[in-house]
Amino acid sequence: MKKVLMVCLGNICRSPLAEGILYSKVDKNCIIVDSAGTGGWHIGELPDQRSIQVANKHNINITNQRCRKFQVSDFDNFDIIYVMDNSNYLDVVSMARNEVDKLKVYLILEEIFPDLKVEVPDPYYDSERGFENVFQMLEKACEVIADKLKE
Ligand code: 4NP
């Protein structure tokens, strides 16, 4: 059973979409997908309404998700940790206990733009268009991730 964790800052906009999109592409009996945030402002809350809406538009329901904070034990509980931007990367890696932990962390868009350090922009202060843009980026990355997980 492969376990994948999606991480952003708030765990209400980007990582819930990444979780929902990847889940929609894999066999749920073989792969666990979860998400978390490095910040703790929205713990227990539903994803942002705009993420719920853009997911719905693409026939993905993310309303089962509740916000939680990333914790050190996530390094033990997950095989791969995908972060959305460079600041998430630094926040997560700063909690790593060793090299094994660190090597689990990847920028999610590295899957489509290897070595380029491209970020999924934070859409929190953006319009609906920003959420659609984030959805499209995550859709492409999750397509690649889902294919890799099938290997
Ligand atoms: P996310 O977006 O990291 O994609 O979930 C954010 C959501 C909330 C906040 C920041 C980013 N916030 O500061 O509350």
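What follows is a short chat about the ligand and some aromatic rings.

Guide: A quick note first: this is a predicted model, where local features need pLDDT of at least 70, side-chain atom pairs count only at pLDDT 80 or more, and totals for chains, interfaces and linings use all residues. Residues are numbered from 1 along each chain as its sequence is written, and side-chain values use heavy atoms, with hydrogens and water left out.

Visitor: How do the residues of the shell around the ligand divide into nonpolar, polar and charged?
Guide: The residues around the ligand include Cys-8, Gly-10, Arg-14, Trp-41 and Asp-122; being around it takes a heavy atom within 4 Å. Ala, Val, Leu, Ile, Met, Phe, Trp, Tyr, Cys and Pro count as nonpolar, Asp, Glu, Lys and Arg as charged, and the others, Gly among them, as polar. The shell comes out as six nonpolar, three polar and two charged.

Visitor: Which residue has a polar side-chain atom 3.1 Å from an oxygen atom of the ligand?
Guide: Polar contacts here are pairs of N or O atoms within 3.5 Å. Leu-9 puts a polar backbone atom 3.0 Å from a ligand oxygen, and for a polar backbone atom of Asn-11 the distance is 3.2 Å. The residue that uses its side chain, at 3.1 Å, is Asp-122.

Visitor: How are the rings of Phe-70 and Phe-75 arranged?
Guide: Rings of Phe, Tyr and Trp (its six-membered ring) pair if their centres lie within 6.5 Å, with planes under 30 degrees apart counted as stacked, over 60 as edge-to-face and the rest as tilted. Phe-70 and Phe-75 are 5.3 Å centre to centre with 85° between the planes, so they are edge-to-face.

Visitor: Is Tyr-125 buried or exposed?
Guide: Buried means under 20% relative accessible area, exposed over 50%, and partly exposed in between (1.4 Å probe, protein chains only). Tyr-124 has 29%, so this residue counts as partly exposed. Tyr-125 has 78%, so the answer is exposed.

Notes:
Polar contact = N/O pair within 3.5 Å; in protein donor to acceptor, adjacent residues only side chain to side chain.
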